[in-house]
Every structure is written in C-alpha cells, then in structure tokens.
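Here are a few exercises to work through with the structure open beside you. Try each task before reading its solution.

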Amino acid sequence: MDKLEIQHIRTDFPILEEKVYNKDLIYFDNGATTQKPRCVVEKIEEGYYHLNANIHRGVHYLSQKATEAHEAARTTVADFLHAGKREEIIFTRGTTEAINLVATSFGEAFCHEGDEVIVSVMEHHSNIVPWQMLCERKGMKLRVIPMNEWGELDLDVFKSLLNEHTKIVSIAHVSNVLGTINPVSEIIRIAHAKNVPVLVDGAQAVPHIPVNVVELDADFYVFSGHKIYGPTGIGALYGKSDWLNAIPPYQGGGEMIATVTFEKTTYNELPFKFEAGTPDYIGSTALAEALRYVQNIGLDKIAAHEHELLIYCTEKLLEIDGMRIIGTAKEKSSVISFLVGNIHPYDLGMLLDKLGIAVRTGHHCAQPLIDSLEIPGTVRASFAFYNTKEEIDTFVTALKRVVTMLS
Amino acid sequence: MTINELQDEIIDEFSQFDDWMDKYALLIDLGNSLEPLDGKYKNPQNIIEGCQSRVWLNAELNNGIITYQGESDAVLVKGIVSLLIHVLSNHTPDEIINTELYFIDAIGLKEHLSPTRSNGLVAMVKQMKLFALAYKSVNSQQ
C-alpha cells in the first residue's frame, strides 16, 4: 500500500485523529482491539434506527428484514473463513465464549476421566482456562506443547504428547504475545493422523492473514469481531457440522429449541441449536460490514503492508541499546514484544502513554508463557493496516527518550 | 510535620511542573533514591501482587510510631511508594487511620491508583492502613 492509499484509509477511522495529552494519538495496541471504520459504526446506527426488531420469530416486516440481515451476516462470515456450509457458523460473544462453548459441549459428549487435552505454552488465558475447568470437572489432564528460544512450537514434543487419551488439541493460530504464526495446518494433519480433532484460536490471525478453514481442515475455528475492526461482543465459532451435530447445546433458552414440553425438549437444528436467546443481530450485521471492509482492501495487501511495518519497526528497535525482542519466529505476524535492559515494562508503557503512544504492557493474558520466559512481562506494539512508518519513527524516538529517562 | 503538611509539601513540589514528563522524571528520581527494602522483608507475606507490577511492604511499630518500608519492581511505582512512605511513616496508628490521602489526586497521579491499573498501589494504600489498624490494637493492649 502506498502512502496515499493509507492516508485515504485513515480517514475512514475518525479516532485516529484524536489527541491524547495534546499529542497525536499513535495507536499500536491493535492486538488488544482494533479501531472501527465509519461504515461499521454507521451499520450499528442504521441497525438500531431502521432495522431493529427481534429476529426469527416475527411475521412482521421489520422482523423479516432483521432476520435476513443476521442470516446474511452468517453467510458473510462463512465466506470469509471459506467454510463449506453457512450453518457451520455460530455467532458467539467472541473467541472466549466460542472456546468455552466447545470445551463445555465437546467435553460433555466426548471427555472422561483420564482423558487429555493438548494446548501450547503460548496460549492466551482464554485458551487455557476453559480446558482447565473441563479437566477439573472430568478428572482429565492438560498437556502443554513447549516452544524453542525463538518462540516456535516443538512439533516433535507435540507428536509425543498425542496418545490414545488425547481427546482434543486447542491451539492459537497466531500468538498474541510473540506474533508467532503457528503451523496449524501441519498440527492439524498430525492430530488427524491420530483421529484427534483440533480447535484453532484465530483471534490474532483473521485480521492479518487469509484463513481457509476447509483447506486447513480445522475442526473448530474461532475469532472475535472487535479484533477485526468489528464491534465488541460479537464473534464466531466455525465447527464442522459433523462435530456440531454430535455435541449437545451449550446454553438453553429460546431460539435453540424445536419443541418444548415440561417432559422433554427437542433442540433446533444448526446453527440455532447453539444460539440460545436473542442473538446480537446488530453486532452480527456490523461484523459482516467489517469483514467486507477488510475484504475490499484485501487481506493479501494488508498482510504485505503489516509485514513491512513489522520489519521496519524491528530494525529500528534493534538500534536501541539493551533491546531484547521477545519472539523472533521465522513466521511472524505484526506483533512486537520487547524489553529494554532491566527497565520494567510498566514504566516504559506509562511514559510512552504520556507521549501519546498506546502500547500494551504486562503479561498479555498469557501468564504461563511470561513465566516460562522468566520475565516480568513485555511491552507490546501491535500494528494494523492503518499504521504508518512515520508513526513507527515517532514511536522509536519517544522510546529512546523514555529509555534515557529510565536508565 | 503532620501528614497533611507533608501532603501539601509534595503538592507544592509537583505544582512547579506543567509537563507530564517532568513530573515523571521527578517520580523516577524518587523511585531510584528509595532505600532498597532489606531482602528479609521481600517475602511472600509482604508482597502485594498487581497485574502489572509488584509491591513489597513492611511496617514496624516503635514507641507507638509506625515506620514503613517498601519497594516495587517498577520504578514509577517505586516513586509513588516512596511518596506514600514519606507521608505516612513516623506517625501514630490513629493519625494514619484517620488520614485522607489527597495528594496523589492533586499531583495528577491518580491514574496510578485507579483500581483498573492493577499495579498493586490501591492494595498498598489499603495494606498501609491495615497495618495501622493492627498496630492500633497492639498499642491499646500494651
């Protein structure tokens, strides 16, 4: 993307014009959440002003319209992930709820005492805790794939962890701390050779790289809307229909039923079986708008620009004495975690904030990973397609000033 | 000096700076000059675990007067720890318990104490008062 194109794109994001402490905002916290283009915010407004009626149950005009919009959004998500069937897309509140859904429902149907779940050392808490809770409920074991010094998973150990007790593998597509793009295709192939299904946590992947769930052969793939320029509180679970049909509902309520009597309730078919209660149809339509926005720019183009930012920023950062980049995998997304000398990440983050730069500090909800690296946390800069090299220059200059103050 | 006189003194000192970075530079100086906490007090009982940084705090009672010692792994937090110790140390439990700490807000560092910052400072202020409460009961038994 050339300069003009990015400048044009930036005008779609009014928040990027904000001043913080009288300084131009530089937003490098896209791994936590992304900013929203006008079209997404307008879609939410349009939804509430012109399209608001509860879906699926109404015979009236507005209800029909809202239902169509929600179901069209499902198709958009299915197309975006290249899912085979639209009913394989379940709307959830986000990645966390989607993983909890699978851990609960899959666990209920297929897991027993003595069984095992495999995750990796670089998982976000949302891909650890739901499985730990399952393990506690069922008396199961959590097994962990380790990584090498660059932040790449050790697939040989992974192979050795797979055994007749393994019920499921749940793995991040992209690490939110290290930026590592994990070889999920290979992981899935290895797991499938032992008849073990795989859930892929795509929260940090879908905004940055094209995903094709059928090519990957993922059994479950989950992501959050707000990390891909959509609203908060909406996300999606893709699941192969064979699996989704084989596991029980996650929550009970309206919408997910076929018939209800006090003696017995029968459940609705996919996808409604997993969408109890009034779904966030405003959120789903706005999410679909965000996905269209991303597709219009083009994920290949986005990935190329973000990769350029990653390389440029990494080179600039390495000019700083004492710079230590945490996560140097060969396949890496536009996330840079770092530490400088013995300076605490909190101090760096607080001072950068006062210079108008939004980065994240701490353990990034991946405490086991941070503990395994024996560091107090990291400072993390994570880029989106609307970020520029000029912003990186300002950031690096600010960082040098801050490091001098703290040294 | 009373606790409030000490608070006012700090407010005066910080009020000479308009720029945030100058305030932070002073805080860094304060943090760096805080006497390191004796290793024997850096134990699990004295640790106040925050989401981002850790704070250790110890308190002693001598002749009815409390003195605090503390430290943090982050220097900005250490700067605030140093201010809190400066204000509250060498006072009686009653004086500490009845104090309203207004200086942090007045010097514009309140954000460090907001519960969402999770840097252990809210818990530290609470812990300082709890020490005072505990020592008050010791005092009254003597």
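Two residues are in contact if their C-beta atoms, placed from the backbone, lie within 7 Å. This is a predicted model, where local features need pLDDT of at least 70, side-chain atom pairs count only at pLDDT 80 or more, and totals for chains, interfaces and linings use all residues. Residues are numbered from 1 along each chain as its sequence is written, with chains lettered from A and ligands numbered from 1 in the order in which they are written.

**Exercise 1.** Find what B:Arg54 touches, leaving out residues up to four places away in sequence.

Solution. Start at strand S2 (residues 54-62) of chain B, where B:Arg54 sits; strands are DSSP runs (E, at least two residues), helices too (H or I, at least four), numbered from the N terminus. Next, list the partners: B:Ile47, B:Glu49, B:Ser72, B:Asp73 and B:Gly120. Then check one pair: B:Asp73 is 19 residues from B:Arg54 in sequence, and their C-alpha atoms are 5.9 Å apart.

**Exercise 2.** Is B:Arg54 buried or exposed, or in between?

Solution. Count the other C-beta atoms within 10 Å: there are 19. The cut-offs are 20 or more for buried and 12 or fewer for exposed, with partly exposed in between. So B:Arg54 is partly exposed.

**Exercise 3.** Work out how chain A meets chain B.

Solution. First, the tally: 13 residues of chain A contact 14 of chain B. On the chain A side, helix H12 (345-354), strand S16 (360-362) and H14 each supply at least two residues. H12(A) gives the most, with five residues.
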